[in-house]
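Thanks for coming. Please have the sequence and the model open while I talk, and I will go through it part by part.

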Amino acid sequence: MFNLRNFLAVIWLAGSISLLTAAPVFTQNTSRSQPGIYEVVHGWPVLPDNDMLDEVSAVAVDSHGNVLILTRGSRKWPDNDILDTAPIEKNTIFLIDGKTGKFLNKFGKGVFAMPHSITVDSQDNIWVSDVALHQIFKLAPDGKLLMTIGEAGKSGDDDGHFNRPSDVAVTADGSFYVSDGYGNNRVMNFDASGKFLLKWGEKGNTPGKFDLLHGIALDAAGNVYVVDRSNHRIQVFERNGKFRAEWKGEYLVSPQDIKIGRDGNAYIADNGSEKPPDHTGIVILGPDGTFIQRVGRYGNYDGQFVDFHMVAVGKDGSIYCADFEGKRVQKFVRKSR
């Protein structure tokens, strides 16, 4: 005999169980290449009791699949645009087990003043750009300071200074590229010891010129991908600075960051707009810049973004997203078929 009360109880239990697993995220696809439907992982990461993330500026993944989350430690970007150069007396880097979301460690206290990006190289060294100190920091995996580039608190446009550098991309041999983006609108290249090698770019909107470089990445061949934020585009260069391509279109509204996955696809953090039509989300482009897919939208629920700032891609294809004003990192995985 049908029992309505028992039937409703079964439906409620099934719904409750589903909330403990990854939830599907809307994706849009307009090309033949389909990497799959993505879903956000609920309850990731798991922070210690009485602890929480502050504004999350960036995220990175090391060779072990551990995730490094860069926060500002309650430091705010002031309305007068005069940045505080005093060290942040809170730990700014959280280390998380990428697979389980378990908290592992935190460090970075007393080092940075306004950390902006975080990058992990092939040796698991940690690179952080600081827009208040106008410096690039290289740290060992345990957080020990190994090297600094630039003069603390002093901006400049010569070969030894930066003006609010936004990001770092590191090659397999330890040489690195810096998007010296807020003030100087140029890319700078250094060898593994920090010796200056070359630079290119200036303010403008033609190929090879920039209007606020906000992110930088490398592919397996050594090509350099630059997020030219205020020009609403990605520019692609050879390692020597020779212009190769421009990626621009209605699929990019306010690009913030870019990473190249092991599949050769580009994963772009697009902050879009809170006003319709909504373009906020992870924009996935093919190696030739062809639009493949958008994941997520504007909002403050799981799978949505308030202020999408930086992105990272793990070796397993998991996507990690730094939501600045949302004060969180979200993990997206391909939905199993």
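Which residues do ring pairs link into a cluster? They are Trp127, Phe162, Phe176, Phe190 and Phe196. Keep in mind throughout that this is a predicted model.

Now the overall picture. The protein has 28 strands and 1 helix. It has 337 residues, and 53% of them count as buried. The accessible surface comes to about 15600 Å², and carbon and sulfur atoms account for 51% of that. If you take the contacts with a separation of 6 or more, 46% of them are between residues 24 or more positions apart.

Next, one of the sheets. For those new to this, strands of a sheet pair through backbone hydrogen bonds, either parallel or antiparallel. Here 4 strands form an open sheet, in the order β4-β5-β6-β7, and the pairing is antiparallel. At the edges are β4, residues 56–61, and β7, residues 103–107, each of which pairs on one side only. Neighbouring strands in this sheet are turned by 20° against each other on average, ignoring direction.

In soluble globular proteins, nonpolar side chains tend to be buried together. The largest nonpolar core in this model has 34 residues, and the members that touch the most other members are Val67, Leu68, Ile69, Ile93, Ile118, Ile126 and Tyr320. Several strands each supply at least two residues of this core, among them β4, β5 (66–71), β6, β8 (115–120) and β27 (319–323). Which strand gives the largest share of the core? That is β4, with 5 residues.

Take Leu68 as an example. Not counting residues up to four places away in sequence, Leu68 touches a list of residues that includes Ala58, Val59 and Ala60, then Ile93, Phe94 and Leu95, and also Phe107, Ile118 and Ile126.

Now back to aromatic rings. There are 16 aromatic pairs in the model. One of them is Trp77 with Tyr182, a tilted pair with 5.6 Å centre to centre and 45° between the planes. Why does this pair tie together parts that are 105 residues apart in sequence? Because Trp77 lies in the loop between β5 and β6, while Tyr182 lies in the loop between β13 (176–180) and β14 (186–190). Trp77 is partly exposed, with a relative accessible area of 28%. Tyr182 is also partly exposed, with a relative accessible area of 24%.

Another pair is Tyr251 with Phe291, and this one is stacked, at 5.8 Å centre to centre with 25° between the planes. Tyr251 lies in the loop between β19 (243–247) and β20 (255–260), and Phe291 lies in strand β23, residues 291–295, so the pair ties together parts that are 40 residues apart in sequence. Are these two residues buried or exposed? Both Tyr251 and Phe291 are buried.

There is another open sheet to mention. Its 4 strands come in the order β16-β17-β18-β19, with antiparallel pairing. The edge strands are β16, residues 213–218, and β19, and each pairs on one side only. The twist averages 20° from one strand to the next. Between β16 and strand β17, residues 224–228, there are 5 bridges, and the two run antiparallel. As an example, Ala217 has Tyr225 in β17 as its bridge partner.

I will finish with a residue in a loop. Where is Lys195 found? It is in the loop between β14 and β15 (196–200). Lys195 is exposed, with a relative accessible area of 54%; that value counts as exposed because the cut-off is over 50%. Leaving out residues up to four places away in sequence, Lys195 touches Asn189 and Phe190. Lys195 and Asp159 are 36 residues apart in sequence, and from C-alpha to C-alpha they are 9.4 Å apart in space.

Terms used
Residues are numbered from 1 along each chain as its sequence is written. This is a predicted model: local features need pLDDT of at least 70, side-chain atom pairs count only at pLDDT 80 or more; totals for chains, interfaces and linings use all residues. Side-chain values use heavy atoms; hydrogens and water are left out. Two strands pair if DSSP finds at least two bridges between them. Axes are lines fitted to C-alpha atoms, for helices over the stretch in contact, and angles run from 0 to 180 degrees between N-to-C directions. A nonpolar core is a set of buried Ala, Val, Leu, Ile, Met, Phe, Trp, Tyr and Cys residues joined through side-chain atoms within 4.5 Å. Buried means under 20% relative accessible area, exposed over 50%, partly exposed in between (1.4 Å probe, protein chains only). Contact means heavy atoms within 4.5 Å. Accessible areas come from the Shrake-Rupley method with a 1.4 Å probe; for residues, only the protein chains shown count as cover. Rings of Phe, Tyr and Trp (its six-membered ring) pair if their centres lie within 6.5 Å; planes under 30 degrees apart count as stacked, over 60 as edge-to-face and the rest as tilted.
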